[in-house]
Amino acid sequence: MTKPSVAIVYHSGYGHTKKLAESVLEGVQESNKATGILISVDDVDSHWEDLDHATAIIFGAPTYMGSVSAGFWIFAEKTSKRWMEMKWKDKLAAAFINSGSQNGDKLQSLHAMFNLSQQHGMIWVGLGLMPGNNSSTASIEDLNRLGAFGGAFAQSNADEGPETAPPKSDRLTAKHLGHRVAEISARWEAGKP
Ligand SMILES: Cc1cc2nc3c(=O)[nH]c(=O)nc-3n(C[C@H](O)[C@H](O)[C@H](O)COP(=O)(O)O)c2cc1C
């Protein structure tokens, strides 16, 4: 059986979210259960067939002004042609979000992506991790240090470039999401009649 495809479609204005997207891809590849493809929203017009073909689509964006970045949302609106035909119905969907502040209103961005997936009739895959960094013995090095459930959350210090931000723990959290979606994609395909 051919491996399912997991497409990672992301926007990144300054490179931080791109680093996360690369970590998600690493997780997909490490799983060995699916193939992964990284698609910047800037190049999406040459990748619609890859998205249509994918078993899962993982959305990624920075939070800009309290919601998902406009760059990502231009892509979201372009998907309306797919929506009219319900072309993405029953695909798996998941998300990773980055922001400058620890909170930064990232949940709003996650909800925007969740709504997008539900308009398309997709099936949401959450992070599947317990929260880290939430006790006296915990640390910011923990996986899921920002304690999200619906997707992989990351935070990039405002004075750091994408070489160092978001930090390793957030990149590993993103990698975990890629790994998880790949494994679930394989199970999802295997269970189809
Ligand atoms: C126009 C703009 C708006 C932003 N708004 C927010 C915000 O609402 N909350 C937040 O925490 N960070 C905000 N940030 C910070 C970005 O989320 C942060 O710098 C992120 O790492 C950028 O990712 P990127 O390099 O992939 O574009 C904003 C940055 C820009 C450029």
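Start by selecting Thr-63: one of its polar backbone atoms sits 2.8 Å from an oxygen atom of the ligand. That makes a polar contact, meaning a pair of N or O atoms within 3.5 Å. Before you go on, note that this model is predicted, with local features needing pLDDT of at least 70, side-chain atom pairs counting only at pLDDT 80 or more, and totals for chains, interfaces and linings using all residues. Residues are numbered from 1 along each chain as its sequence is written, and side-chain values use heavy atoms, leaving out hydrogens and water.

Next, click on Thr-17, where a side-chain N or O atom is 2.6 Å from a ligand oxygen. Then try Asn-98: a polar atom of its side chain lies 2.9 Å from an oxygen atom of the ligand. Taken alone, the ligand exposes 650 Å², and the protein buries 76% of that (Shrake-Rupley method, 1.4 Å probe).

Helices here are DSSP runs (H or I) of at least four residues and strands (E) of at least two, numbered from the N terminus.

Move on to Asn-32, in the loop between H1 and strand E2 (35-40). Its phi is positive, about 65°, although Asn-32 is not a glycine. Most residues other than glycine have a negative phi, and most peptide bonds are trans.

For your last stop, select Ala-165 and Pro-166: the peptide bond joining them is cis, with omega near 0°.

Conventions:
A polar contact is a pair of N or O atoms within 3.5 Å; within protein, one must be able to donate a hydrogen and the other to accept it, and residues adjacent in sequence count only if both atoms are side-chain atoms.
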